[in-house]
Amino acid sequence: MTDSARYAEVVLPVPVSRAYTYQIPDALRTRVVPGARVVVPVRRGAVVGIVSAVSDQLSAVRDVKPISAAPDPEPALSPALLQLGRWISDYYGAPLGLALRAILPGPLWSVAHPEGPGEATERVLVLTGRVESLIERERVFKRSPKRRAAYEAVEALGGSAPIRHLTGQLKLSGGVLDGLVTQGLARIDRLSETRDPFANLSSPPPGSLTADQQRVVAAIQNTPADTPVLIHGVTGSGKTLVYLDLLRGVVASGRGAIVLVPEIALTPQTVARVRGVFGDQVAVLHSGLSDGERADAWRALRRGERRVAVGPRSAVFAPVQELGAIVVDEEHDASYKQGSAPRYHARDAAIERARLEGGARVILGSATPSLETLDSAARGTIASFALPERIGARPLPAVEVIDLKTAPRVPEAGVIPWTEALDGAVGAALSRGEQAILLLNRRGFATFVQCPACGDVRTCPNCAIALTVHQTPPALRCHYCGHEQPVPEICAICGHATQRLRGLGTQQLEHFVAARFPAARIARMDLDTTSTKWAHHRILERVAAGEVDILLGTQMIAKGLDFPNVTVVGVVDADTGLHFPDFRAAERTFQLVAQVAGRAGRGPKGGRVYVQTRSPDHHGIRAAAAHSVEAFARAELPLRTPPNPPYPPSVGLVRFVASGRDQARTAAIAERIAAWLRRAGTERLGGALTVLGPAPCPITRLKGLWRWHVLVKAAEARALGRVVRAWRAKSHRAVTVDRDPVSLL
Ligand code: ADP
Ligand code: ZN
């Protein structure tokens, strides 16, 4: 009834569940349809909203204001995307306004339409001369330790950094930076001159499909499009080429596709390969885009000028026309789950979107599929296809599990867990001109500071978390809220004169490795070295170009990298996440170790992996050493199934978290949630729910707020759906709802 419609229901990007009624001016009738963007008056000005429905009935609301504008000739959200918003709202118990806010990119919610980038220029220090090794460094910086510190800080940031960042956050002096320029080691650029490294990234496909790849492509083409498929291929089995071959068919038939990757900055090789096949048809949606560029990319897809979108989680909402396929690469990756409302999982949203688009195919890929996906495959709701071998019949690298409790260590390493086996392997690789990757999933210098006399550990005043010791610049920092304080010289509690640094972080590992292998060129990759634009890319580019001998870092370096000259991978401490109070701790560890192991031996020289652990018999470590997700699932699934306390995938799980400044009041809110859930479970849902708690969250305080949680389990998804929707109607601000949570901390 669009023709006669006089009233529109408009959803605003705010955390409320209701829509607002506005009158449709005659002049805007053709444009105000479900899914359209409109500008509407609100109390303090105007906002952009999305039309959810139109009608010719005068609603009960009086004083209905008219819509001010409808900027787009075509509705911003297609019917399928509007429906997807409703599904996200219903499934995850999020207000529709928040679900739609996630679907439409930020700049399109701005009343003043962004017209182009409008970049502010920024002064950036770029290293030019390279002082690669420790030996050379001693010589070049003999009389200028400050200059060396500055050089190393910029190097750690990937070779360039905004001056503002260096003098502000890192507290380096302008004079020292100028000194680097005079010495010919750096120059100063303007940011607008630094190019977007993704703009031209392109690499041609590696050749024709292998027999295995052909077999999987054919099998998938013979699978009904409405059955999602999983490509379970070992690391280096050539999954990407299978995706691309399938997508070629999709695009040739005039339809479009979405390729989801865990994080664009960490997967430049995948982006390059997609562009190598589809060229200008591709829109890369990455976090480095300006608002204007983001809006442009969105419009090009909406108008059908580009047919393939590549991006992280949120690209599942890309307005690709006539969607034919969605690829979810590394489907097990935790970054696919959004950490704030709406807490959607991009893999599950992809499956729902494909259904709503009618006939679009979902292709999941991983060497370490999640247990949820394996469970769906076992039930037959997902069809699974294996690529059991590496390209070129290369063997998977042998994995040596080293018991840190007993293995001989290098004496010079002191407290650092550095065994002779790993040391020898890294040294040998370097002497042969090969590259090594070292994983330590903990950033900073040391994990915490402890007083050797009274045992006191310095914790964050806002969070119940030990403060991490950082070296550039020196400070204790909270990894949860960013709180910073000086490193104490004496104990604040007992006054003891020396304090001990405990636990190893990537900064300290870098120092040690640099001293141990003074001729090696080392790059560190963690959150601290990748805080500036394009930093990831610059580091990976240097590794690809052979300018780095040892790449060390956190889980960032475990994601999909394909460097054939990497022959040694070392997991310095596999246990960093193994004992977290979270039912996924073992799965995470398994995935991380198996994935980083998969970075070794991808070229003709082969490779070997060294996993240092204090739990050599843990099933997660053993399965990773065997590159076997089947072995992991066989050991792990029984632990999540009765008579053990059931956890996903054997049940569905919803987590309610209450948080507040007052501990007793927060606990009381959690108490009420639990009581409400228990009532709902018995009265309305016939005992279908198991309610656990309330209990304090493992991280009891975060950013100044106390946290209590309640867990709800049910075998029936429908029962959980009813609970989260009933809860959504109550819209309680102090409580977050997380369905299918990926973290219980
Ligand atoms: P995965 O994602 O399964 O770990 P990739 O897709 O990165 O594996 O492929 C591993 C390597 O094998 C890449 O360097 C890729 O270019 C190469 N490759 C893939 N398929 C073929 C093929 N059919 N012929 C030759 N090389 C291939
Ligand atoms: Zn904190």
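**The interface of domain 3 and domain 4**

Between domain 3 and domain 4 the count is three salt bridges, a salt bridge being a side-chain nitrogen of Lys or Arg within 4 Å of a carboxyl oxygen of Asp or Glu. One of the salt bridges in this model joins the side chains of Glu372 and Arg584, at 2.8 Å from N to O.

This is a predicted model, in which local features need pLDDT of at least 70 and side-chain atom pairs count only at pLDDT 80 or more, while totals for chains, interfaces and linings use all residues. Residues are numbered from 1 along each chain as its sequence is written, and side-chain values use heavy atoms, with hydrogens and water left out.

As for where we are in the chain, the domain assignment, which is automatic or from a database, places domain 3 at 211–392 and domain 4 at 395–446 + 503–638, and their C-alpha centres lie 27 Å apart.

Turning to the contact itself, 27 residues of domain 3 touch 33 residues of domain 4, where contact means heavy atoms within 4.5 Å. The two domains bury about 2,200 Å² between them, 58% of it on carbon and sulfur atoms; buried area here is the accessible area (1.4 Å probe) that two parts lose on being put together, summed over both. Of the area that domain 3 buries against domain 4, Leu266, Leu371 and Arg390 supply 31%, more than any other three residues.

Finally, the polar side: nine residue pairs, both members at pLDDT 80 or more, are in polar contact across this interface, meaning a pair of N or O atoms within 3.5 Å, one able to donate a hydrogen and the other to accept it, with residues adjacent in sequence counting only if both atoms are side-chain atoms.

Terms used: Chains lettered and ligands numbered in written order.
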